[in-house]
Amino acid sequence: MAVRLLEETWGAELAQLLGMRISLAQRILSSFEREGALLSRMVGRSRIFLLDSRYPAAKELSALLWKLGSADVVLQQKLAGRRRRPRRAGKAL
Amino acid sequence: MIGPKSTLTDVAFAVCTALQQVSITAVLTGGSAATHYAPDAYQSRDLDFVLTIQAPGGAAELRKLGFTESGQVYRHPESHFTLDFPRGPLAVGDELITEWRTERRAGRVLHVLSPTDSCRDRLASFLFWKDFSGLEQALAVAAAQRRKVDLEKLEAWCRKEGHPEKFKLFKSRLP
């Protein structure tokens, strides 16, 4: 659900937002990639995961995950724990 | 007089009034506008002003208030709030904002995004950057300014930007 709501994410971000070890987050993401639900790409040294639109039930899965995630206020508030919008370089957080 | 107990709104009124005195119209925007509308829910530490009308003398007025330029921001020795003047124009996404709210208090003036546009500005980070903190800030503004946020305008804008489902999620979270 978190991947669907965020549209794309990486192990360290997911771990921080959901309060888990990075290794566990990475294992979970990799297992979904092996199942074909997620795909990944390298951005610099980070592996970014997102829903694989070629998955046979991609459209249904995306809709279901969005519906479930939209109703999960606790998850949304956890995802709010990290700023994603850009901030000008040099401006303190 | 700006001091350690000055709130963001106090500082905003002082700065806006000072600049207005030299014919500069500075509009409070960004997270600082959200804090002005929902101070209990969200605290920004810097004040973002977009100058919609510019004239000379602004820096001198800020110095009179005690602010000094430090890199790209202005700092005050008695306040933890900083001032930033991001490049304009005043806009949310690529939509220009030509009207804003003007508040007056004890002979001072504050130009600030309307509650609807402040909500929209925070929602923009949710729409474009999937930033859920932007969603929470938008919800805080909408809850604090309940009758002053135009939900139909927000919905139309989200639809235009291709994110009707994100407006639906936002609306479902409103108290």
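## Contacts of L83(B)

Apart from neighbours within four places in sequence, L83(B) makes contact with V11(B), V15(B), L47(B), F49(B), L62(B), F67(B), V73(B) and Y74(B). The model described here is predicted.

L83(B) also belongs to the largest nonpolar core, which has 64 residues. The residues with the most contacts inside this core are L47(B), F49(B), L83(B), L123(B) and F170(B). Helix α1(B) supplies the largest share of the core, eight residues.

## The sheet of chain B

Chain B contains an open sheet of seven strands with mixed pairing, in the order β3-β4-β5-β2-β1-β9-β8. Strands β3 (68–70) and β8 (101–105) of chain B stand at the edges with a single partner strand each, so one side of each has no neighbour in the sheet. On average, and with direction ignored, neighbouring strands of this sheet are turned by 40° against each other.

Within the sheet, strand β2 (residues 46–53) of chain B pairs with strand β5 (residues 79–84) of chain B in the parallel sense, over three bridges. D46(B) is found opposite T82(B), a residue of β5(B).

## Helices packed on the sheet

Helix α1 (residues 8–20) of chain B packs on the sheet and touches β1 (25–29), β2, β5, β8 and β9 (108–112) of chain B. The direction of α1(B) makes about 100° with that of β9(B).

Helix α2 (residues 30–37) of chain B likewise packs on the sheet, where it touches β1, β2, β8 and β9 of chain B. The direction of α2(B) makes about 75° with that of β1(B).

## Chain A in outline

Chain A has five helices and three strands, and from the N terminus on its elements run α-β-α-α-β-β-α-α. Along the principal axes, the C-alpha atoms of chain A fill a box of roughly 45 × 30 × 25 Å.

Chain A has 93 residues, of which 34% count as buried. Among the contacts in chain A between residues at least 6 apart in sequence, 47% join residues at least 24 apart.

## The second largest pocket

The second largest pocket holds about 330 Å³ of space. Its lining consists of 18 residues, and those nearest the centre are M1(A), A2(A), V3(A), I28(A) and F32(A).

Elements giving two or more residues to this lining are α1 (2–6), α2 (11–18), α3 (22–35) and α4 (58–71) of chain A. Helix α3(A) gives the most to the lining, with four residues.

Key
Residues are numbered from 1 along each chain as its sequence is written. Chains are lettered from A and ligands numbered from 1 in the order in which they are written. This is a predicted model: local features need pLDDT of at least 70, side-chain atom pairs count only at pLDDT 80 or more; totals for chains, interfaces and linings use all residues. Side-chain values use heavy atoms; hydrogens and water are left out. Two strands pair if DSSP finds at least two bridges between them. Axes are lines fitted to C-alpha atoms, for helices over the stretch in contact, and angles run from 0 to 180 degrees between N-to-C directions. Contact means heavy atoms within 4.5 Å. A nonpolar core is a set of buried Ala, Val, Leu, Ile, Met, Phe, Trp, Tyr and Cys residues joined through side-chain atoms within 4.5 Å. Buried means under 20% relative accessible area, exposed over 50%, partly exposed in between (1.4 Å probe, protein chains only). On a 1 Å grid over the protein atoms alone, a cavity is a set of points where a 1.4 Å probe fits but cannot get out, and a pocket is an open set with protein on both sides within 12 Å along at least five of seven lines; lining residues have an atom within 4 Å of a point. Grid points are joined across faces, edges and corners, and a volume is the space filled by probe spheres set on the points.
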